[in-house]
Amino acid sequence: MDGLLLDTEDIYTLCNNIILRECGRPNLPWNIKAQLQGRPGPEAGEIFHAWAQLPIPRAEYMRKNAELQRQHFPSAQPLPGVPELLATLSARGVHLALATSSHAANFKLKVGHLQALFGHFPEEQRVLGDDPRIPPGRGKPAPDIYLLALETINQQLRKQGKREVDREECLVFEDSVPGVEAGRRAGMRVVWCPHPELLKEYHGREKAVLAGIASAEGGSQVQEIMEEAAVGGEGEGRGWPGRRDDGWAELLRSLEAFPYARYGIGDA
């Protein structure tokens, strides 16, 4: 959702940079931000603090950050092409589910003024980052959130006596590198629509990202950062990603003029 459907990734950066400047620290660089995107809040927080080394207690940072987010998240807007994409998918009978690492409180701040847009996602087909059905340590890039999102769709289909959707029939939309890996490890096709600065950060490694193997090939700085700061964490339970050029993932620079026919999404 963040950075894919809404412009909230830039809001996250804005809030963090305000605090960083207050503490005499440099702005958040994209080689670090790239490791925060798509991950559950607590895990992203560990990575951020390991890098930032702020001179204030973490509780004070969290208070300042929450205050800034309450101020700025209600101004979030859809990214180009998103309203048309969701409306078209709904009109053509595509089953939609939302899978986001955002926790419930932040989710409400971000979408409270965008009810029409998020009305395309039925309440029972929304999976948030603090959903108790996702085990601890199993956020993206683990596949659990996408497998759970599919299950919410299939639960409704079973009630209606309709055929369930197989994971191979699913199309994941993602902006983050951990999110692409999660989708590939779930056995689903993926559309990667990254922030322009993230795309610059992974220049030359796009095929590894699309295969879901960028971190395995040394593209991630997470382990180095965590070890340097002596921060521990649970393993993520690696699954099976894809292969380069296997045709199961595609890079799109925008969701405008989405190629529906390429994915077998015909007229209603």
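Okay, let's start at Q53, which sits in the loop between helix 3 and helix 4, the helix that covers 58-72. One thing before I go on: this is a predicted model, so please keep that in mind throughout.

As background, most residues other than glycine have a negative phi, and most peptide bonds are trans. Is Q53 buried or exposed? Q53 counts as exposed, because its relative accessible area is 52% and the cut-off for exposed is over 50%.

There's another residue like that, D245. Its phi is near 55 degrees, again a positive value in a residue other than glycine. You'll find D245 in the loop between helix 12 (222-228) and strand 5. D245 is exposed as well, with a relative accessible area of 61%.

The peptide bond joining K140 and P141 is cis, with omega at about 20 degrees. P141 belongs to the loop between strand 2 (126-127) and helix 8.

Now let's step back to the whole chain. How many helices and strands does the chain have? The count comes to twelve helices and five strands. The radius of gyration is 18 Å, close to the 18 Å that the globule rule gives for 268 residues, so the chain is as compact as a globular protein of that length.

What about inside and outside? Of the 268 residues, 51% count as buried. The accessible surface of the chain is about 13000 Å², and carbon and sulfur atoms account for 52% of that. Then there's how the chain folds back on itself. Take the contacts between residues at least 6 apart in sequence: 71% of them join residues at least 24 apart.

Three strands make an open sheet, in the order 3-4-5, with parallel pairing. Strand 3 (171-174) and strand 5 (249-251) are at the edges, and each has a single partner strand, so one side of each is left without a neighbour in the sheet. From one strand to the next, the twist averages 15 degrees. In case this is new to you, strands of a sheet pair through backbone hydrogen bonds, either parallel or antiparallel. Which strand pairs with strand 3 over four bridges? That's strand 4, residues 189-192, and the pairing is in the parallel sense.

L255 is buried, with a relative accessible area of 3%. And which residues does L255 touch, leaving aside neighbours within four places in sequence? The list is L4, P80, G81, V82, L85, F173 and C193. For a sense of distance, L255 and G212 are 43 residues apart along the chain, and their C-alpha atoms are separated by 20 Å.

Now over to helix 5, residues 82-91, where we find P83. P83 is partly exposed, at 33% relative accessible area. Leaving aside neighbours within four places in sequence, P83 is in contact with P78 and L117. P83 and G179 are 96 residues apart in sequence, and from C-alpha to C-alpha they are 21 Å apart in space.

Two more residues and I'm done. Q156 is in helix 8, which covers residues 144-159. Its relative accessible area is 17%, and it counts as buried because that is under 20%. Again leaving aside neighbours within four places in sequence, Q156 is in contact with E124 and Q125.

The last stop is R39, in the loop between helix 2 (30-36) and helix 3 (41-52). What does the side chain of R39 do? It makes a polar contact of 2.6 Å with the side chain of E43.

That's my tour, so over to you for questions.

Note on methods. Residues numbered from 1 in each chain as written. Predicted model: local features only at pLDDT ≥ 70, side-chain atom pairs only at ≥ 80, totals over all residues. Heavy atoms only, no water. Helix = DSSP H or I, 4+ residues; strand = E, 2+ residues; numbered from the N terminus. Polar contact = N/O pair within 3.5 Å; in protein donor to acceptor, adjacent residues only side chain to side chain. Pairing = 2+ DSSP bridges. Axes fitted to C-alpha atoms, helices over the stretch in contact; angles between N-to-C directions. Rg over C-alpha atoms; globule rule 2.2 N^0.38 Å. Buried < 20%, exposed > 50% of the residue type's maximum accessible area, 1.4 Å probe, protein only. Contact = heavy atoms within 4.5 Å. Areas by Shrake-Rupley, 256 points an atom, 1.4 Å probe, with all protein chains shown as cover.
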